[in-house]
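I am keeping these notes as I go through the model on screen. Each entry records what I looked up and what I found.

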Amino acid sequence: MTLQVRAGEVLGIGGVAGNGQDELLLALSGEVRARPEAIQLGGKPVGAMGPNERRHAGLLTAPEERLGHAAAPDMSLTENAFLTGADRKRLTRNGFVDWRETQIFAEDIIKTFDVRTPGPGVAARALSGGNLQKFVIGREILQNPFVIVVNQPTWGVDAAAAAFIRQALLDRAAAGAAVLVISQDIDEILEIADKFAALNGGRLSEPVPTEGLTVDRIGLMLGGAQGHSGAEEVQHVPA
Amino acid sequence: MFRLEKRPTPSTFWIYATPFLAVALTMVAGGILFAILGKDPVAAIKLIFFDPLFSADYASYARPQLLVKAGPLILIAIGLSLGFRAGIWNIGAEGQYVIGALCGAAAGLAFFPTDSRWVFPLMVAAGALGGFLWAMIPAILRTKFNTNEILVSLLLVYVAKQLIASAALNFLRNPDGAGFPGSRNLAQIPAMANPELIPGTGLHWGGVAAILAVGVAYVMLQRHILGYQIKLAGQAPRAARFAGVNSDRLIVLCMGFSGALAGMAGFFEVSGPAGQITIDFGAGYGFTAIIVAFLGRLNPIGIFFAGLLMALTYIGGELAQLVLGLPAAAIQAFQGMLLFFLLAVDLLANYRIRFILPGAR
Amino acid sequence: MDLSHMNAGVLVASLMVASVPILLAALGELVVEKSGVLNLGVEGMMIVGAVTGFIAAFHSGSAVLGFVGGAAGGAALSMIFALLTQFLMANQVATGLALTLFGQGLASLLGQSYVGQKPPLTGKLPFGPLADLPFVGPVLFGHDWVVYFSVLAVGAISWFLTRSRGGLVLRAVGENHDAAHSLGYKVRLVRVAAIGFGGAMAGLGGAYLSLVRVPQWTEGMTAGAGWIALAIVVFASWRPWRVLMGAWLFGGISVLQLNMQAAGSAIPVQYLSMSPYLITILVLVIMSSGRSRASLGAPASLGQNFHAAR
């Protein structure tokens with residue numbers, strides 16, 4: 001599959017569950033590696049990099065499963081803030097963790113994203129789904145990514161928190177980032193994305209502008225009626 | 001009827017209380033075991049846990065023994081605990097311990113006779129390296145060939161025991177030993193001996209190394225990124241992958257670290273309390289250290305105290321053997337029981353027990 | 001070194017006998033693991049079976065009762081494991097290790113007054129003139145009943161796992177305990193039964209050591225046989241007939257190295273003695289190389305504790 005996201009643009013990828021959403025996220029996060037040129041960030045090949053190097057380069061991701069994948073259930077929010085923030089927030093000194101700085105970062109996430117919790121010392125498991133999701137998305141957005149990829153950003157989240165998360169993603173795009181939203185919620189994609197592409201059986205359709213997109217057309221695309229692109233390149237081109 | 005409910009977060013109270021509860025339960029069950037064997041249970045428990053420290057008759061001999069026995073247990077358990085936390089099961093520490101003793105002794109005896117003061121540090125390094133390399137076998141087989149490290153590390157214990165027996169009979173046999181198996185007595189060679197450092201304390205270099213290891217492990221787990229990765233990999237493997245933790249690197253590090261510590265422990269033993277390489281060198285410290293690691297809740301400070309307690313059961317056990325004629329094996333069963341109770345009461349930390357009246361919902 | 005006095009038939013026959021303890025223990029562990037439980041306490045259950053079997057046989061004067069006692073001893077010890085892992089949610093790896101450590105202590109304790117004693121004999125089954133046939137005689141008609149029992153057990157377990165309804169339930173529980181639970185199967189009950197069976201088989205294997213192979217009680221007499229049995233289950237990709245192959249392979253190596261020792265080989269005894277362990281490691285490496293656990297045939301829920309939400 002080939003896809004391109006430009007700086008300042010939100011690309012929504014829709015599809016029924018199990019059509020390759022998780023695999024796409026793993027490929028982009030660096031948990032599954034590819035050829036160096038397969039993924040490019042501003043023309044720079046990052047495909048062979050692991051998660052940390054990609055974060056360093058500015059590509060940040062938030063997986064669908066909050067407990068156990070995006071966050072360690074039994075670790076505190078401070079420790080979970082360190083999980084992806086270590087490099088970009090400069091939370092280490094000579095291999096040692098700066099827990100004071102990390103806690104400040106965690107508190108910043110909690111405050112900015114209105115995470116309802118007694119404090120950063122609470123285990124991730126103790127948070128409600130919506131609050132943990134705000135924490136996870138907030139953790140990535142507050143690191144000022146060039147490209148941010150989120151999978152099911154508002155799944156199981158109450159309406160107010162969902163609106164908050166969507167706005168945060170739009171703000172990030174307005175600040176010049178490329179935003180990739182993988183979601184099974186078509187309304188969500190239509191609300192925030194500039195372009196829409198359908199994921200079907202691990203293949204991605206040609207992206208089309210969301211403006212003026214009809215429900216019938218979306219239905220056809222989700223069913224795989226649209227022509228697929230053959231190559232296996234994934235590109236992010238922040239212009 | 002009762003039902004278990006998983007706690008959202010483990011109970012802090014029970015995390016610290018369970019080791020004490022387990023020790024208490026083991027005393028009760030052990031007392032029953034001793035009573036079945038026809039011994040006075042109260043006298044036996046007192047002899048094991050109390051007399052080595054406080055009895056006027058035994059304490060002068062037994063107290064220094066505490067550090068002698070606790071040193072290797074703590075040293076090995078610290079290394080094991082890091083791997084156990086990360087879900088990497090090195091259970092062949094006994095083999096690494098034996099190989100460490102073998103390599104350390106061999107490195108020194110190669111220079112015999114000598115009075116250079118560089119020999120002892122060289123021997124320590126050789127012991128650590130021996131244990132490290134022996135642990136690298138399961139580590140590399142695991143990372144390169146996906147072979148189960150539990151089975152390989154354990155099977156290598158039997159190989160190591162044959163190797164050291166062969167050394168005692170052949171290439172390390174004391175040339176002045178009238179043909180008896182066993183190496184020269186390192187404890188009687190000043191440059192190679194590991195003596196008691198402060199008279200009456202039982203503290204030798206192994207104890208010093210153990211205390212250092214506790215400190216290093218504590219700082220690493222609390223502050224270093226490696227400690228963070230170890231905890232993350234053990235608690236949430238998928239999150240660890242997401243965080244970019246290299247699991248192969250972690251396996252090699254944890255196995256290597258525990259192997260080196262076990263190897264060092266083996267060398268300190270052979271150059272001090274044991275004195276020489278013998279056919280049956282190795283007293284099972286590598287296995288008992290597994291109990292120590294769990295009893296200490298895989299926490300360095302906890303392991304320090306658990307090591308002392310387990311050493312106490314060894315010494316008290318020997319005492320009970322002498323005084324009451326309690327069989328040596330009873331103490332081994334007793335130590336195993338302790339681990340059972342510990343694993344059983346762990347439930348209280350992670351689950352809430354709800355009693356339900358029959359018929360009620 | 002001279003191995004020419006070795007008769008091929010005797011060699012094959014003795015490897016069959018040498019493989020019995022490991023075969024029995026590995027078959028038991030196979031069933032346990034198929035139910036999704038990893039019990040690393042095989043070594044402990046074997047050695048307890050060895051001593052309880054010996055004691056039962058010694059006092060009853062009957063070798064058969066000895067095997068019953070061995071199976072009962074192994075099964076009793078396995079119930080501690082079942083209680084801890086199935087009801088108290090303890091970590092299976094740690095509990096299995098504890099079982100081995102405790103079992104070794106307990107066995108030495110129970111066996112201390114039996115050291116040096118002789119157990120009642122387990123005789124060969126009388127096949128009359130058949131036993132005198134060249135090669136076929138010693139291989140097929142020259143064994144005690146336990147050897148035939150162990151081979152029959154391979155077939156019976158294979159049939160149970162693939163053809164019977166009980167085996168289907170057992171495998172369903174081992175593959176996905178949540179799904180099995182929602183289908184109404186009693187996950188815990190199945191697993192406790194499997195653990196008990198595994199304990200009994202390990203105990204039988206241990207009893208074969210103390211009643212036939214050695215035959216007497218000595219401390220630490222299992223010498224890693226339980227661990228090798230665990231390795232053979234992996235080697236066999238969780239298939240009963242391959243367990244038989246693995247056990248024979250191991251038995252063959254043991255017999256060969258013992259014969260080389262007896263024949264005064266130039267290789268030192270210690271190196272010969274370590275060969276079975278080294279070869280087991282080698283075989284494990286070859287079997288697991290480049291494959292995931294799933295493609296090897298490992299049950300998907302292996303080693304995970306089951307806790308029903310309600």
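This is a predicted model: local features need pLDDT of at least 70, side-chain atom pairs count only at pLDDT 80 or more; totals for chains, interfaces and linings use all residues.

Entry 1, a strand in chain A.

Entry 2, its partners. Which strands pair with β9(A), and in what sense? I found strand β2 (residues 10–14) of chain A pairing with it in the parallel sense over 4 bridges. Strand β8 (residues 147–151) of chain A also pairs with β9(A) in the parallel sense, over 5 bridges. I then checked A:V181: A:G12 stands opposite it, and A:V150 has it as bridge partner.

I picked A:I137, which sits in helix α5 (residues 129–141) of chain A. Is A:I137 buried or exposed? I counted it as buried, because 27 other C-beta atoms lie within 10 Å and the cut-off for buried is 20 or more. Beyond its neighbours within four places in sequence, A:I137 is in contact with A:A62, A:V150, A:P153, A:I165 and A:A168. A:V150 had already come up as the bridge partner of A:V181. I also looked up A:G224: it is 87 residues from A:I137 in sequence, and the two C-alpha atoms are 30 Å apart.

I checked the length of helix α2 (residues 42–60) of chain C. At 1.5 Å a residue its 19 residues should span 27 Å, and the end C-alpha atoms are 26 Å apart, so the two agree. I noted 17 of the 19 residues of α2(C) as buried, so this helix is largely enclosed by the rest of the structure. Just after α2(C), C:G61 takes a positive phi of about 75 degrees.

How many residues does each chain give to the contact? I have 41 residues from chain B and 41 residues from chain C. On the chain B side, the elements giving two or more residues are β1 (2–6), α6 (119–145), α7 (149–169), α12 (285–295), α14 (328–345) and α15 (347–350) of chain B. I sorted the residues of that side into 29 nonpolar, 10 polar and 2 charged.

How values were computed
Residues are numbered from 1 along each chain as its sequence is written. Chains are lettered from A and ligands numbered from 1 in the order in which they are written. Two residues are in contact if their C-beta atoms, placed from the backbone, lie within 7 Å. Ala, Val, Leu, Ile, Met, Phe, Trp, Tyr, Cys and Pro count as nonpolar, Asp, Glu, Lys and Arg as charged, and the others, Gly among them, as polar. Two strands pair if DSSP finds at least two bridges between them. The expected span of a helix is 1.5 Å times one less than its number of residues. A residue is buried if 20 or more other C-beta atoms lie within 10 Å of its own, exposed if 12 or fewer, and partly exposed in between; C-beta atoms are placed from the backbone.
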